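Reader: Please take one part of this model and go through it closely, in terms I could check against coordinates. I would like the packing and pairing described, with numbers where there are any.

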Amino acid sequence: MTRMPSDKAPTTITQGSRAEGGIGESTLRPDGTLKVTGEFAYSSDMWHEDMLWGQILRSTVAHAEIVSIDTGEALATPGVHAVMTYDDLPTEVRHYGLEIRDTPVLAHGKVRHHGEPVAIVAADHPETARRAAAKIRVEYRELPLITDEASATAPDAVLVHENRHDHHAGHVPHPNIVHRQPIVRGDAAAAARRADVIVTGDYTFGMQDQAFLGPESGLAVPEEDGGVHLYIATQWLHSDLRQMAPVLGLPEDKVRMTLSGVGGAFGGREDLSMQIHACLLALRTGRPVKIVYNRFESFFGHVHRHPATLHYEHGATRDGKLTHMKCRIVLDGGAYASASPAVVGNAASLSAGPYVIDDVDIEALALYTNNPPCGAMRGFGAVQACFAYEAQMDKLARELGLDPVEFRQLNAMEQGTLMPTGQPVDSPAPVAELLRRVKAMPMPPERQWESSEGADVRQLPGGLSNTTHGEDVVRGVGYAVGIKNVGFSEGFDDYSTARVRMEVVGGEPVATVHTAMAEVGQGGVTVHAQIARTELGVAQVTIRPADTQVGSAGSTSASRQTYVTGGAVKNACELVRERVLEIGRRKFGSYHPAWATAELRLEGGKVVTDGGEVLADLVDVLEGEAVEVEQEWRHRPTEPFDLRTGQGNGHVQYSFAAHRAVVEVDTALGLVKVIELACAQDVGKALNPLSVLGQIQGGTVQGLGMAVMEEIVVDPATAKVNNPSFTDYLIPTILDTPTIPVDVLELADDHAPYGLRGVGEAPTLSSTPAVLAAIRDATGLELNRTPVRPEHLTGTV
Amino acid sequence: MDFLRPASWQEALAAKAEHPAAVPIAGGTDVMVEINFDHRRPEHLLDLTRIADLYEWEVGERSVRLGASVPYTKIMENLRAELPGLALASHTVASPQIRNRGGVGGNLGTASPAGDAHPALLAAGAEVEVESVRGSRRIPIDAFFTGVKRNALAADELIKWVHIEKADGPQQFSKVGTRNAMVIAVCAFGLALHPATRTVRTGIGSAAPTPVRAGAAEEFLNAALDEGGFWDNGRIVPPSVVKQFAQLCSGACNPIDDVRGTAAYRRHAVGVMARRTLTWTWESYRGARRLTEGAA
């Protein structure tokens, strides 16, 4: 009984029929109207007849031995079809992980964090599954908690993971450290002696959540060949597949995966959530199994952004030139490794920011603790560092009596600057120019709340909560700029695959693009169609649903998809074009000499010479023929960072954004209204300007959230999460969202397809420190932690 | 879980008498969250949405009789003049969708210290009319909140009306949250001037186990206003009086540290809101007086 889900199957998206719509145009998203009108089928909307509902039982304590698990009562519940624990797993492979397979599919012997999956249940109704799961008796014997660096590295510290064999185990100073990356270049100690001023700072960065709106969900359908088909919202189908198949005891070709509607990701879907659990239950029961987390469970169902403590020392000469930088960045990775090693690499290699600093001494590390696991989130290690080094830049400027923007510009990197890793920045790096642009934008008018009818509270801190009519409201302005890498780094084989087909359908030439790229909202489906139109000169482009019937596209993360899968689509289109022209030459070459001599293009459904002369209709060339190419594509390779010195050409590309924040602070109540967040960003080439704008605005707002409200609060005494809900984990509403004027630069990177530069993450970096700088400007407070709470602004912590 | 759907108020009272543990549901904006998150699993839900009376209000001579299920949106749209404090508070409730469903009856039934309506009701002066098959009674708002999420209702009683005194002077409501909309109160403050009785009433939310009035602060201020003849002369209230009033309001708090805010911040913020709302209402009172005098 193998069928597509009978309802809400993924839809094949066909772009509109306009002849234009190539790269550089703001073509509209094919899924846009559906999403706005509520008709888009998200993964949580899937349904299959005869399906069961899966439910996960999660640990109620953060660190404990499991003394016993009694599933008897749950199994006896009418309507329950299966209950599984670690002992029921089908093969000897019982762990998974992005890089280090340290995460048990179901807890084995002990639990390492609050909310860890312990058992799974399948029942014929979600409520039955939930009640049955609640009947599973788990007896815990609590263990000492590891919650920070001191407890993790104490001489008698309990090991979060015993007997580590991963490839970082050999070089870390303590088994409770996942990975450590030093970077040493020049002689920071000697350079410090040249400094006229030295500033130090200790900074704290809270735990941010991706807070995507579509909770984790998927539908696993058992197949006749003993395999399983998983319809799933994820960021990288093939990475899921690679981790799932061994645990399920199936070869990869028996685990088929189709992307279903993804309601946001931001890194939180890089790791597996319910994928294996749904498949296990489907294979065990022989019935389709659907799992949907509710909001509460979602906060336990995915990794968060690493909270961090950062110590920085910068020096500068009296004339404003940076002499050196020393820093130590401690990231809390939580109970499982997830993406921690790569986050460490990013935090270390990007810790100096977009500045020229020849002498650096850098250390970044991630801890294993019993806190919630942390991993990928938009900005990935660069965000935490940017918050700290930008605070340092303001401190230095103040010490030197220099304007904070001019001071940054004096030290701004440019094309040719060497990174702390020794890697030259070999494409445009318009850092000083971006700062100039945000500074040059007109300032929003003062006291916008004043009107003839009294104070308009919507324009004031507190908004409609009506806390001030202008009393104690002080304006502040702050600037920040950041640097983010694009693509997977440190020698990772970061390829993508595209299959492009061209044929005549209904008397028209049509291109079909098939990739495994996860559309998580970034707009890849729009851009792929634009690329195909540009390269193949067709109006009609069909984007096939993403699945594992085509090779890997890599992850929708690291600002990489337009670069890498866009690059793969472009490359496949070029190969298709060559084949089409070959067919044309074979069929029509004898009719016109230009077939042999001229540069030929496909344009407007025709083969034309570079002089614009039409040689043939594509319909005629492709009559009775279809051309199809599937090809992997790679950007230029990167190298690992040296484990001792951190040297190496580790990154593919860098991207830069600068912000100017204007805030108004109610200094008596400690409430903040961000009035404006102006952004300037270099995107190399805007393939879809509207999407670029959306990315910059979205990243900016996510950074704003981190500055003034977003934080998962973990009780240090219990390592339990205190606010797993949208009631108490606050994300910005439209009333918290300022105007966001955006200035987009397009300075081509000659190494990248169309010269483009990854867009999605850079604005998330500089937004937070710009807001913090503006609040410092308004209040005169030091503010070394983010997010800032009213308590921090009113001395009532 | 049984879903009881009485067609009339009498049927509802009978059902509640028969099933005293039944949980009344109208807008469902509190109850459904608790059920969805499995925090509560009542044997019976008592659906009040078919009782038309509960969605009606009547503006009387001295007070407004507000049906328990009148949604906040209606209060904002229709009762701003009569109940300015409650209208301001209604505006801070959650999102437009929630304001279209939720009402004051549910807020009182839940009796959360963070309920947005409570400070406004305390400041305005109100009575909650509850009824059972045994009869009906009016509970003064000051006696209504008996503990954290506990109220003075007997098990067989339902809230029918809330009688709220019509504003006889300026009223204000302020609420602190850590974002500019859709937020549960970290703390809240309501203040109403009652020129007719020459009194000031207050209400504090989210800063004690129950919503409370700042009794000592009211007494101090009433005496100070009286002594200085401020109700008559309309002069600016001296900063020292405002400051003392604000401090006493802070002192009326008995807050806790929780994930939404610290106790110290709540005490501080209530003081700031007390100072500002007194200033705003008094300015408004003085302005109205000048206008009246000008007309005379």
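Author: Domain bounds here come from an automatic or database domain assignment. The model itself is predicted. The part to look at is chain B, which the assignment divides into domain 1 (2–165) and domain 2 (171–295). Between the C-alpha centres of domain 1 of chain B and domain 2 of chain B there are 25 Å. Where the two domains meet, domain 1 of chain B contributes 23 residues and domain 2 of chain B contributes 23 residues.

On the domain 1 side of that contact, three elements of chain B each supply at least two residues: α4 (84–91), α7 (117–124) and β8 (145–147). Of these, α7(B) has the largest share, with 7 residues. Sorted by class, this side of domain 1 of chain B has 14 nonpolar, 7 polar and 2 charged residues.

Next comes a sheet of chain B. It is open and has 5 strands, in the order β4-β5-β10-β6-β7, with antiparallel pairing. The edges are held by β4 (57–59) and β7 (135–140) of chain B; each has a single partner strand, so one side of each has no neighbour in the sheet. Ignoring direction, neighbouring strands of this sheet are turned by 20° against each other on average.

One of the pairings can be followed residue by residue. Strand β5 (residues 63–67) of chain B runs antiparallel to strand β10 (residues 158–165) of chain B, and 5 bridges join them. Within this pair, Val162(B) in β10(B) stands opposite Leu66(B). Strand β10(B) also has a helix across it: α1 (residues 9–18) of chain B lies over both β10 and β6 (126–132) of chain B. The angle of α1(B) to β6(B) is about 75°.

Chain B also touches chain A. That contact takes 29 residues from chain B and 32 residues from chain A. On the chain A side, β32 (671–682) and α19 (790–794) each supply at least two residues. Helix α19(A) gives the most, with 3 residues. By class, the side of chain A that touches chain B holds 12 nonpolar, 13 polar and 7 charged residues.

Terms used. Residues are numbered from 1 along each chain as its sequence is written. Chains are lettered from A and ligands numbered from 1 in the order in which they are written. This is a predicted model: local features need pLDDT of at least 70, side-chain atom pairs count only at pLDDT 80 or more; totals for chains, interfaces and linings use all residues. Two residues are in contact if their C-beta atoms, placed from the backbone, lie within 7 Å. Helices (H or I, at least four residues) and strands (E, at least two) are DSSP runs, numbered from the N terminus. Ala, Val, Leu, Ile, Met, Phe, Trp, Tyr, Cys and Pro count as nonpolar, Asp, Glu, Lys and Arg as charged, and the others, Gly among them, as polar. Two strands pair if DSSP finds at least two bridges between them. Axes are lines fitted to C-alpha atoms, for helices over the stretch in contact, and angles run from 0 to 180 degrees between N-to-C directions.
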